[in-house]
Amino acid sequence: MGHSAKAEAALALHRFGMGPRLGSIAAIESDPRGALLAELDRPRASEVAAPSLPTSTQAFRTVADANAERQARRILATRAQKGTQRAEGPSMAEGTGQADTEMAARMAAEAVPDPGRQIFMNEAQIRINAALAAEIGFAERLVWFWSNHFCISADKIQSMSGAYERESIRPHVLGRFADMLQAVEGHPAMLLYLDNTASMGPNSVAGINRTRGLNENLAREILELHTLGVRTGYTQDDVTSFANVLTGWTLLPAGDNPEHGGEFIFNRRLHEPGPKKVVGKVYEDTGVEQGRAVLRDLASHPSTATHVATKLVRHFIADEPPPVLIERLARTFRDTAGDLKEVTKVLVSSPEAWALPRGKLKRPSEWVISMVRAAGTPADAARFTAGQASLGEPLWRPPSPKGYADDEATWIDGMGQRLDVANFFAERVASRIDPRFVMETVLGSTVSAETTQAVGRAESRQQALALLFMSAELQRR
Amino acid sequence: MTSCHHLPSRREALIGSGALFAWTQMPKLARAEGRDPRMLVIVLRGALDGLGAVAPVGDPDWIGLRGDRALALDGKPPALPLDSFFALNPAMPNLHRLYKARHATIVHATTTPYRERSHFDGQDVLESGLVRPGAVDTGWLNRALLALASDGRVDPRGGRAMAVGPVTPLVVRGRAPVMSWAPQQMLPASDDTQARLLDLYRHTDPRLAAALEGRLRLAALGRAGGMDASKGSPAQLPPPGIARVRAYFAEAAGTAARYLARPDGPRVGAMGFVGWDTHVNEGAASGQLAGLLGALDGALAAIETNMGESWRETVVAVITEFGRTARINGTDGTDHGTGTVALLAGGALRGGRVIADWPGLKRTDLYEDRDLKATIDLRAVLKGLLRDHLRVEESALASSVFPGSADVKPTAGLVG
């Protein structure tokens, strides 16, 4: 790849942004680095306006209310059906009566629509629109990165998954890591996802009364995935102790709290009393503050700096992240007390970020969004998320708390599926989109001679677009 | 079909969006005359080798031109005789049967006025009905319907159009509105697209090439074993291959026919089939092209069956953007050319004929010493069908439907 201004602009858009769209190469080619930095400096660069969408706790209550209404209708329908059967007398076979009752109950319940999916789709649409509308999309890429780092799963809490990202990730991706950590770990979606709502200290009032105890899930993942990183020296005792610290971090149940159900509370009845030692330091029992203090210290731990720096460089630059670049970012993280905007700026300003060839395979979601941006079409959330899911990366549904992997080996075998998706998308847009226009104008003729030739010789617009979308130039960043 | 029941959600979601053919829902196009004609246009994208579909076996230069790649009456398998001069590709027994029953007509050495060799531009000219390529967003079939509507010969309760498949073909796009329907299965990327992408990757990205090769091997394994590879491997989509193409053509065309046959259904439709750009290993007699023509033959059979009684009022026009080189190229295929065939089928035709003003195959007969010369303007054939079958006014045909075609007289006597 040459280092013309256009190529540099394309590199900026693919590597740090959501991919070129009409006009974006021209808009930044005079100063790609400056354009990236300028995007970070825009006020509220990483946030989206979503005035019509519910907060996570509103969404939680809406779904809880619908579920309660379903339950009530189910009971009413069962009662009514049994009343009818009694009136008709004992002639009816008992099995049939049972089946009728169940069917009536189910139909009555299903008459109440499930609001969770609609909320999910509305959230997805806002996220997709933000990625399509951005000139470069660097801030959105950072949102996607951090949302994956602190992932939750919609399989467990569908209604909250979008609001969680808006509330706990977006405000902080250009702020302080420590603030994001506090927002994330205290968010009801995370507490539900990693089972902390039911965790109670064995010597807490509730633990003694209900002979139940600790759930280590959240504490372990904070140490292993969110902050220090695996095998960085913490022990099982640290995990257990930290889990005890976090007991009592839960949320208000919806049933008894029509106005505040789902909100975070610290419930002292669940909290394990006493001082606890985590990663070499003893924390006095100050209630919810005990956990906040541990999180503050974890956020400023040197291992956290290295862990975060490694993941950022691997995500944006290369599967094998250059150690010198990791160390530079980690040092900035330490020196600025985890100022993520400063860390991000150092990433963009590093020569390695521009010198390495575009060898990183885009994740499916990144590739799909860059395909749609290149085509310049709007994207419908239901279709977009279905396409993403078919490529093995369903939105807000990672297979584990580790999030989606960020290396080529994980994704490259999905080329066949990508081709089918590209082929289908190309078929759908071929009537409106000229492949030569996309190649020459949208991508600014930054594709190779081989790709140019393959697109030019294709047997149809559809085939030309499918080849262009599948080309290495759109797959790699 | 095995269209991946193991992954219903992803497929359904992807499929739910598109369309493969388009039709205009204007019931009773000419009801005042007691007729109820139907017309379906099938666009073969990629440029059909007309000489590979309908061979001039009576031309003394034919064998010399194509050598052992030439279809012949004593070939393996033998070509199907149409008259003393032309023979049909052996993969098309249904079209041959229809021809014998006078329900099919073949027009040879024909093409649009376009004389360059770009697929995109060629398809634009074919479908727009304009003399030259360029920015255009309506097709001649749609404009023909507008012409009918404007003189009040269309049932005013109609006026909607419909598209099936992911793309509404340009030929039916326009002011007469279009609705859409999607077939249950999505055609996966064709073997040809996969091969082209693999070739591109080999030149630009060896790791992507290796990944794609893995998929192709799996697909080949599935085909060789006579099984659907997807059953053994839930992560993989069913392999493409000619069996899937056949099923897809038949389902799409058959469904179009079912709609056209309905008393309250649309009367005009259009659909596109891809895959005809046979640069490498064309295989007219028993390979790639034979497979595609066989799939097209199956689609015609499905249309005839599903039209039922209405078949006698039907015309299906199979057209392509241009033909291919008269000679075989260096990779056992053919390159972009000029003159080709148009295949017409339907009970409304006065069929059983090959219409051609044969240009010959000698070196000096070929267009630019490479292509079959086009001696019949395809617009004349299409205008003939629109005038005599749908009863579009000749003045409209010369102005709004095929602008600038006043000196291209509609071919008479195609129907009736």
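**Entry 1: chain A overall**

I began with the surface: the accessible area of chain A is about 18,800 Å², and carbon and sulfur atoms hold 53% of that area. The areas come from the Shrake-Rupley method with a 1.4 Å probe, and for residues only the protein chains shown count as cover. I note that this is a predicted model, in which local features need pLDDT of at least 70 and side-chain atom pairs count only at pLDDT 80 or more, whereas totals for chains, interfaces and linings use all residues. Residues are numbered from 1 along each chain as its sequence is written, chains are lettered from A and ligands numbered from 1 in the order in which they are written, and side-chain values use heavy atoms, with hydrogens and water left out.

I looked up the extent of chain A and found that its C-alpha trace spans about 80 × 65 × 40 Å along its principal axes. Chain A has 477 residues, and 57% of them count as buried (under 20% relative accessible area; exposed is over 50%, partly exposed in between, with a 1.4 Å probe and protein chains only). I also read off 27 helices and 4 strands in chain A; these are DSSP runs numbered from the N terminus, helices being H or I of at least four residues and strands E of at least two.

For contacts (heavy atoms within 4.5 Å), I took the pairs in chain A at least 6 apart in sequence, and 72% of these join residues at least 24 apart.

I then turned to charge. Chain A carries 55 positive and 57 negative charges, and their mean positions lie 1 Å apart. Lys and Arg count as positive and Asp and Glu as negative, without His and the chain ends; each charge is placed at NZ of Lys, CZ of Arg, CG of Asp or CD of Glu.

**Entry 2: domains of chain A**

The assignment, automatic or from a database, lists domain 1 (56-117), domain 2 (199-283), domain 3 (302-355) and domain 4 (361-475). I noted a separation of 28 Å between the C-alpha centres of domain 3 and domain 4 of chain A.

**Entry 3: backbone exceptions**

I found V279(A) with a positive phi of about 45°, although this residue is not a glycine. V279(A) sits in the loop between β3 (276-278) and β4 (281-283) of chain A, and its relative accessibility of 30% makes it partly exposed.

W396(A), also not a glycine, has a positive phi of about 55°. The loop holding W396(A) runs between α21 (381-390) and α22 (408-411) of chain A; at 7% relative accessibility, W396(A) is buried.

P77(B) belongs to the loop between α3 (62-66) and β4 of chain B.

**Entry 4: strands of chain B**

I followed an open antiparallel sheet of 3 strands in the order β3-β5-β4. β3 (54-55) and β4 (80-81) of chain B each have a single partner strand, so one side of each lacks a neighbour in the sheet. Pairing requires at least two DSSP bridges; β4(B) and β5 (87-88) of chain B have 2, and L80(B) lies opposite L88(B).

I next examined β2 (38-45) of chain B, where 8 of 8 residues are buried. R38(B), L40(B), I42(B) and L44(B) point one way, and M39(B), V41(B), V43(B) and R45(B) the other. β2(B) pairs in the parallel sense with β10 (314-320) over 7 bridges, V41(B) being partnered by A317(B). β2(B) also pairs in the parallel sense with β9 (268-274) over 7 bridges, and there M271(B) is the bridge partner of I42(B).
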